[in-house]
Amino acid sequence: MSTENEGTAVPPAPSAPPTPVDAPAAPAHQGHPAPDGSSPTAPLPPVPPGTPQAHGASGPHDPQGHPGAGHGPQGGHAPSGPAHGSSSAPDPAWPPPPPPGTPSHADGGAGHGGPGGPGGGGWDSSYPQPAPAPAPKKGGRGGLLAALLVAALVAGGLGGGLGYTLARNNDDTSSTTVSASTSGGNIKRDPGTVAAVAARALPSTVTIEAESSSGEGGTGTGFVFDKQGHIVTNNHVVADAVDGGKLSATFPDGKKYEAEVVGNAQGYDVAVIKLKDAPSDLKPLTLGNSDEVAVGDSTIAIGAPFGLSNTVTTGIISAKNRPVASSDGTGSQASYMSALQTDASINPGNSGGPLLDAQGNVIGINSAIQSTSNGGFGTGQAGSIGLGFAIPINQAKYVAQELIKTGKPVYAKIGASVSLEETSGGAKITDQGAGGSEPVDPGGPADKAGLQPGDVITKLDDRVIDSGPTLIGEIWTHKPGDEVTITYERDGKERTTELTLGARVGDN
């Protein structure tokens, strides 16, 4: 995973305000004109150049990728792989570099914001020198004008002094300024305000740095899951550190801890790490109920977009059950989710961070972003365009608990291979399984439910299924043993069947 923190430093502002261009110089003393016949002028400080435009998303990688056509793993589960590959969904945001054409991972996916502001008369331009004023002529009218000017200045000084004295003596009646009774630091934020939610959640959010044994890596986000020191994040955030790499987590107060990967689920894009020598005062974030989230609900996202740790953004839930498939662009298998969509600004580096509701409860894990095909500004990464995707916390909680217990993910499956081509007609059971295996597992859930090669699944319970990736994402919102109703088409006729989901342990 790679992280880009783009943006140029803004030069300091001039120490003194520029002299107005049309301000005339003070007349020289009568009888002593300036040597060159004009008033001397002092050079002015240059104006600083324009402010660069910042990029979006988190620091690490947010690869974008699309699932290719082909067969999903038996059991209706997506191929394993830390990275995400997008089905028809937008680019996911992760730590790894985003693959073209799919949602890029929030922590390092696509994201841009070209540094540098508009040119032309920028801060590096200097102000024009004031035009020289002619020196007054000797004698005659010039002397009279100078005398009048001196008199005016004296009168002005007297008037100013008198005005100051009167204002000082009548200060109680002339001032209309109202001062606050408390300073900004003492103001209390009401519960439910963004400021109050952020103040409570930030201390339990960490910036994660992952580095592989070869030195490659990136930045992402995570949050405190329990008091034992477990941190939940995205798989693509920590994938580089899984085999012999380095991993650290830094809290907003600057305290940094080494960490290790407890377990990771490539297909779900969820991982759990544990702090070494974890402090005893950890405060886990409260987990909400993602099933009860409604479109239009307020959202608050916390993360490290492009390495800018502890960044807070706000938005709403734009949609639910959004099918998203993503990849880290390394050729590994894709991850799938039935995501919460939000317009809260999410960028590379936000991956793994919490998506909160208005009460500060975690309702999702920020994981992917939709980006334009070329990154929007012609740079290597894409930034937020208001289309971010989060793994529902109900699913992530189940996965995290399994990883803590066994170190391995458990996936629900139907026991059939489906086409991963992006269609709108449904998920078709292929004629041949992955690697030459049977398309329908003999004795598996699909076989027992009477499904056959060529059947096109159009619904899982009340969820419309428009493609293989959508089916996989919906299956993975369930647990092994759940009973679901499958609606499918065979020979042009619609049929339904009841099916009990099976289980697959591990990503391979």
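Leaving aside its neighbours within four places in sequence, with which residues is S338 in contact? In this predicted model, in which local features need pLDDT of at least 70, side-chain atom pairs count only at pLDDT 80 or more, and totals for chains, interfaces and linings use all residues, the contacts of S338 (heavy atoms within 4.5 Å) are with N321, R322, P392, G473, E474 and T477. Residues are numbered from 1 along each chain as its sequence is written, and side-chain values use heavy atoms, with hydrogens and water left out. S338 lies in strand β11, where helices (H or I, at least four residues) and strands (E, at least two) are DSSP runs numbered from the N terminus. With a relative accessible area of 5%, S338 is buried, a term that denotes under 20% relative accessible area, as against over 50% for exposed and values in between for partly exposed (1.4 Å probe, protein chains only). S338 and I472 are separated by 134 residues in sequence, yet their C-alpha atoms are 8.9 Å apart in space.

The protein as a whole has 7 helices and 21 strands, and buried residues make up 48% of its 508 residues. Among contacts between residues at least 6 apart in sequence, 74% join residues at least 24 apart. The accessible surface comes to about 23300 Å², of which 52% belongs to carbon and sulfur atoms; such areas come from the Shrake-Rupley method with a 1.4 Å probe, and for residues only the protein chains shown count as cover.

Helix α7 is largely enclosed by the rest of the structure, because 8 of its 8 residues are buried. These are G468, P469, T470, L471, I472, G473, E474 and I475, and what covers them includes the strands β10, β11, β15 (410–413), β16 (427–428), β17 (456–460) and β18 (463–464). Within α7, E474 is buried with a relative accessible area of 7%, and, when residues up to four places away in sequence are not counted, E474 touches N321, S338, R463 and I465. Helix α3 (residues 194–201) also contains buried residues, namely A196, V197, A198 and A201, and their cover includes β3 (205–211), β9 (298–303), β10 (311–326) and β12 (354–356).

Rolling a probe the size of a water molecule over the atoms shows where empty space is left. A search of the whole structure finds 1 cavity of 30 Å³ or more, a cavity being a set of points, on a 1 Å grid over the protein atoms alone, where a 1.4 Å probe fits but cannot get out, with lining residues having an atom within 4 Å of a point. The volume of the largest cavity is about 30 Å³, given as the space filled by probe spheres set on the points, with grid points joined across faces, edges and corners. Its lining consists of P323, V324, M337, S338, P469, T470, G473 and E474, and the elements that give two or more residues to this lining are β10, β11 (335–342) and α7 (468–475). The most is given by α7, with 4 residues. By residue class, the lining divides into 4 nonpolar, 3 polar and 1 charged, where Ala, Val, Leu, Ile, Met, Phe, Trp, Tyr, Cys and Pro count as nonpolar, Asp, Glu, Lys and Arg as charged, and the others, Gly among them, as polar.

In soluble globular proteins, nonpolar side chains tend to be buried together. Apart from residues up to four places away in sequence, L499 touches I414, P445, A446, A449, L451, D482, E483, V484 and I486.

Most residues other than glycine have a negative phi, and most peptide bonds are trans. D277, although not a glycine, has a positive phi of about 55°; D277 lies in the loop between β8 (270–275) and β9 and counts as exposed at 72% relative accessibility. F306, also not a glycine, has a positive phi of about 50°; F306 is placed in the loop between β9 and β10 and is buried, with a relative accessible area of 2%.

How values were computed
On a 1 Å grid over the protein atoms alone, a cavity is a set of points where a 1.4 Å probe fits but cannot get out, and a pocket is an open set with protein on both sides within 12 Å along at least five of seven lines; lining residues have an atom within 4 Å of a point.
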